[in-house]
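Welcome, and thanks for opening this one up. Please keep the sequence and the 3D view side by side while we walk through a few local features together.

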Amino acid sequence: MFTAQTERSMFEYASCSLCPRECGADRRTRFGFCRCGDQIKVARAALHFWEEPCVSGKNGSGTVFFSGCTLRCRYCQNYQISSGCFGKEISADRLAQIFLELQNQGAHNINLVTPTQYLPGILTALDAVKGKLRIPVVYNCGGYEKVETVKLLKDYVDIFLPDIKYYDSALSREFSGAADYFAVASAAVRQMITQTGGPVLDQDGILRRGVLIRHMVLPGCREDSIRILRWIKENLPAGEYLLSLMSQYTPAFEGLKHKELRRRVTSFEYNAVVREAVRLGLTAGFMQERSSAKAEYTPPFDLSGV
């Protein structure tokens with residue numbers, strides 16, 4: 001049962017249970033599964049222009065890239081920070097200052113990228129800027145989140161950007177080290193939609209509240225992508241979310257060791273997934289052009305803004 005005591009204990013590093021791994025590490029003295037200790041670590045904080053148009057807009061998204069990750073994606077394009085944990089340790093006070101600096105630069109939102117492993121510090125920072133932060137907070141994650149954690153974000157997060165990466169547990173085990181990925185991510189996404197309600201956009205088409213579900217088509221995995229689309233159609237409330245189908249997969253990191261992941265997605269594969277989305281009526285959202293696998297999607301992790 002989810003209790004107030006559970007709520008308090010989840011946000012302690014002494015026996016970490018922030019993510020579905022529930023590794024129980026005392027992160028004050030050793031790293032957890034996420035390869036992180038108890039200090040916030042950030043690799044970049046800057047305006048980012050390569051999110052979906054309703055997130056980046058013309059001014060950019062105020063994106064904070066956190067080091068470490070709760071998944072083990074072999075093809076991760078941000079592997080320098082997710083696996084290499086490149087970054088700079090900062091205090092919650094400094095993070096709060098960064099949020100306000102990004103707002104002052106004209107950011108449409110504060111975009112927290114892979115934040116779960118640092119939630120205690122992040123929420124402290126968000127508490128510090130309440131009343132000062134006038135732009136939405138975006139929770140940009142791999143979808144592998146505990147429902148309890150999502151519930152605790154109710155008063156902090158306006159927009160969720162979760163992935164739904166896989167339907168098949170064999171794929172999620174092989175490529176991300178999480179056989180339970182779909183069961184966990186599908187439940188988390190349902191809760192996100194429950195909390196935010198349907199998408200709310202301002203007069204300029206910028207998302208102010210809601211859920212934008214992302215799915216990146218992987219080479220050789222179009223049937224799995226189609227299964228995800230059918231699940232979305234059958235199980236999520238129509239009109240209560242946006243969908244982004246991505247074709248930007250680029251071979252990187254340990255993906256180069258896997259025969260299936262050494263190439264980009266073909267036009268045939270991606271177009272087959274897009275056709276199914278259209279057939280199902282899943283057209284509220286975004287579909288990338290096939291030329292979208294560009295280096296700009298992976299920004300330089302150079303401690304900008306940190």
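## A tour of backbone, helices and strands

Let us start with a residue towards the end of the tour: Leu303 lies in the segment after β10 (285-287). The model is predicted, and the values below are computed from it.

Leu303 has a positive phi, near 65°, and is a residue other than glycine. With a relative accessible area of 30%, Leu303 counts as partly exposed. Arg35 also deserves a look, with a positive phi of about 70° although it is not a glycine. This arginine, Arg35, sits in the loop between α1 (4-10) and β1 (40-48). Its relative accessibility is 28%, so Arg35 counts as partly exposed.

If you like to check packing geometry, here are two pairs to compare with your own view.

| Helix pair | Crossing angle | Axis distance |
|---|---|---|
| α4 (residues 92-104) and α5 (residues 119-128) | roughly 55° | within 8 Å |
| α9 (residues 222-235) and α10 (residues 267-280) | about 15° | 9 Å |

Take α4 and α5 to begin with: their axes cross at roughly 55°. That angle makes α4 oblique to α5. The crossing of these helices, α4 and α5, is right-handed. On the α4 side, the contact uses Ala92, Leu95, Ala96 and Phe99, and these meet Gly121, Ile122, Thr124, Ala125, Leu126 and Ala128 in α5.

Now turn to α9 and α10, which pack at an angle of about 15°. They are therefore roughly parallel to each other. The crossing of α9 and α10 is right-handed. From α9, the contact involves Arg222, Ser225, Ile226, Leu229, Arg230 and Lys233; from α10 come Phe268, Glu269, Ala272, Val273, Glu276, Ala277, Arg279 and Leu280. The residues of the contact of α9 with α10 divide into seven nonpolar, one polar and six charged.

**One residue from each pair**

Is Ile122 buried or exposed? Ile122, which lies in helix α5, has a relative accessible area of 0% and is buried. Leaving aside neighbours within four places in sequence, Ile122 is in contact with Ile40, Phe66, Leu95, Leu112 and Pro115. Leu95 is also one of the α4 residues named in the contact with α5. For a handy distance check, Ile122 and Ser91 are 9.5 Å apart in space, C-alpha to C-alpha, and 31 residues apart in sequence.

In helix α10 you will find Ala277. Ala277 is buried, again with a relative accessible area of 0%. Which residues is Ala277 in contact with, leaving aside its neighbours within four places in sequence? They are Leu229, Leu245, Leu282 and Met287. Leu229 belongs to α9 and takes part in the contact with α10, while Leu245 is one of the buried residues of β9. Ala277 and Ala183 are 94 residues apart in sequence, and their C-alpha atoms are 21 Å apart in space.

**Strands under cover**

How many bridges join strand β4 (residues 110-113) to β5? There are four, and these strands run parallel. Within this pairing, Ile110 stands opposite Val137 in β5.

Strand β5 (residues 137-141) is in turn joined to β6 by four bridges, and β5 and β6 run parallel. Here Tyr139 stands opposite Phe160 in β6. Five of the five residues of β5 are buried. On one side of β5 are Val137, Tyr139 and Cys141, and on the other are Val138 and Asn140. Strand β6 (residues 159-162) is covered on both faces as well: Ile159 and Leu161 lie on one side, Phe160 and Pro162 on the other, and all are buried.

Further along, five bridges join strand β8 (residues 207-216) to β9, and the two run parallel. Ile213 stands opposite Leu243 in β9. Strand β9 (residues 242-246) is mostly covered, with five of its five residues buried. Leu242, Ser244 and Met246 point one way from β9, whereas Leu243 and Leu245 point the other way.

Technical notes
Residues numbered from 1 in each chain as written. Predicted model: local features only at pLDDT ≥ 70, side-chain atom pairs only at ≥ 80, totals over all residues. Heavy atoms only, no water. Buried < 20%, exposed > 50% of the residue type's maximum accessible area, 1.4 Å probe, protein only. Axes fitted to C-alpha atoms, helices over the stretch in contact; angles between N-to-C directions. Parallel < 35°, antiparallel > 145°, perpendicular 65-115°, else oblique. Left-handed = near helix turned anticlockwise from the far one by under 90°. Contact = heavy atoms within 4.5 Å. Pairing = 2+ DSSP bridges. Nonpolar A, V, L, I, M, F, W, Y, C, P; charged D, E, K, R; others polar.
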